[in-house]
Amino acid sequence: MSKFSEWFHKILEEAEIIDTRYPIKGMHVWLPEGFKIRKHTLKILKEILDQDHEEVLFPLLIPEDELAKEAIHVKGFEDEVYWVTHGGLTELNKKLALRPTSETAIYPMYSLWVRSHSDLPFKYYQVVNTFRYETKHTRPLIRVREITTFKEAHTVHADKEDAEKQVNEAVRIYKTFFDELGVPYVVTTRPEWDKFPGADYTVAFDTLLPDGKTLQIGTVHNLGQTFAKTFDITYETESGEHEYVYQTCYGLSDRIIASIIGVHGDEKGLCLPPAVAPLQVVIVPIIFKEGKEEVLSFCKDLEEKLKNQGNIRAYLDDRDIRAGKKFYEWEMRGVPLRIEVGPRDIQNGEMVVFSRYNLNKETVKFDSEKLVQDINNLLDDITGKMADKSWKSLNKNIRSVKSTDEALEQIKGNKGIISFNWCGESECGKDMEEKLRVDLLGVQYSSKEDEICANCGKPARKITLMAKTY
Ligand code: PR8
């Protein structure tokens, strides 16, 4: 197990995010702390999506014949489907699949719902659990067999241009979302051999974890008319003809939580962005025999004020244990801001604030009038600085190379992401993956001038990224 992997497992347990001891491989239990992080994260996502999507909820089970309808799609998932074969003791005459994703659950209904051009576009999403019998090594939150937090959006459009536009819009949505979490990413168009089964093309978000491997954290698929033709999703145009629709879908999973934990965490444990931290501020009274009551009552007022006036998730830790022990625990749990108040601070009109992300402690003047505003500003400042820090770390680890030899050197020494010019030929791309034992993430953009492919020397106009991946 790599150092990061060990760290990750340990912190999931210590910070009580999930319990991995559930007796089915790849399926875990969300604990209260983890569930809160998940809840706050979903709230951010839903707020963004709800601006122009509708939330729906489809059944978990998909009839075998529907799942099998789209040949390429079913081929892509056939090794990974869990089947329900019995109802009690009775064998079902039609097997039912636990959804690995919901295209084949949703699109037969879209075929009933979409009627006229005036119904379009349709933008629905749901947050559900999906099941994939992953054959690769499972890892908590990263590669699970029950994806508990599968956010999937499915849109329907009258024409190709509108679907293209939606792909860009979905990329913008995911950028906004990851930016709020301070999780940095690279966006690429996946190579042909790695696109979603049934899609025309796939655009993917990858982030970099501390061990130098990338993690795919979100995908946007342009489905073209493939599913529309399979499921007969048509609409009547203004002139009364029937046309097949164009579709997109895009999804995120439990990996969003894994990336928050992995990208921001450090040797002291979790380091949570204020937006998703179960507690944003913890108040630790520094108590001596003298002035104990005064300090406690001051801290109680402070807690009330932050909670009631500021809507800040604040908590007064007045347990009768050493302050040092409290510091250790809250740092491990990733609380973004700690306020320490002792008798002398009250006399001086000061308090000590400690930022988790840079472990900085400073004494600040205490102004009762401006307190809520000051703390909110501090939290905003932390959000921005955490994002800066994680983006710097990602950018530092993208290295441009001119040849496969150079790529090999870089990957051996530094890990991280390699950027290079690629001719775009599948054979050449796969050859590189094999030689370098990495995955080709995909094409980032066309290079400005004709360059030479780092592998085969043919003309290349595609800046492409490669990395060891999860
Ligand atoms: C779709 N259909 O399904 P996608 N554990 C954790 N996360 C995972 C796992 C896993 N075993 N497998 C995939 N993911 C489309 C889009 C509806 C929505 C994550 O797309 O198969 C990946 O990060 O690409 C991926 O980006 C996301 O789920 C969506 O899965």
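Which domains does the domain assignment give for the protein chain? In this predicted model, the assignment gives domain 1 as residues 4–264, domain 2 as residues 281–382 and domain 3 as residues 398–467. Today I would like to stay with the first two of these and with the interface between them.

Let me begin with the overall arrangement: the C-alpha centres of domain 1 and domain 2 lie 40 Å apart, and the contact between these two domains draws on six residues from domain 1 and four residues from domain 2. About 430 Å² is buried between domain 1 and domain 2, and carbon and sulfur atoms account for 46% of that area. If we ask where the contribution of domain 1 comes from, Glu14, Ala15 and His40 together supply 69% of the area that domain 1 buries against domain 2, which is more than any other three residues supply.

Turning to the specific interactions, the rule finds one salt bridge across the interface of domain 1 and domain 2. As for salt-bridged side chains, those of Glu16 and Arg333 meet at 2.6 Å, N to O. Across the interface of domain 1 and domain 2 there are also three residue pairs in polar contact, with both residues of each pair at pLDDT 80 or more.

Finally, a word on the side of domain 1 that touches domain 2: the helices α1, spanning 3–14, and α2, spanning 32–49, each supply at least two of its residues.

Notes: Residues are numbered from 1 along each chain as its sequence is written. This is a predicted model: local features need pLDDT of at least 70, side-chain atom pairs count only at pLDDT 80 or more; totals for chains, interfaces and linings use all residues. Side-chain values use heavy atoms; hydrogens and water are left out. Domain bounds come from an automatic or database domain assignment. Contact means heavy atoms within 4.5 Å. Buried area is the accessible area (1.4 Å probe) that two parts lose on being put together, summed over both. A salt bridge is a side-chain nitrogen of Lys or Arg within 4 Å of a carboxyl oxygen of Asp or Glu. A polar contact is a pair of N or O atoms within 3.5 Å; within protein, one must be able to donate a hydrogen and the other to accept it, and residues adjacent in sequence count only if both atoms are side-chain atoms. Helices (H or I, at least four residues) and strands (E, at least two) are DSSP runs, numbered from the N terminus.
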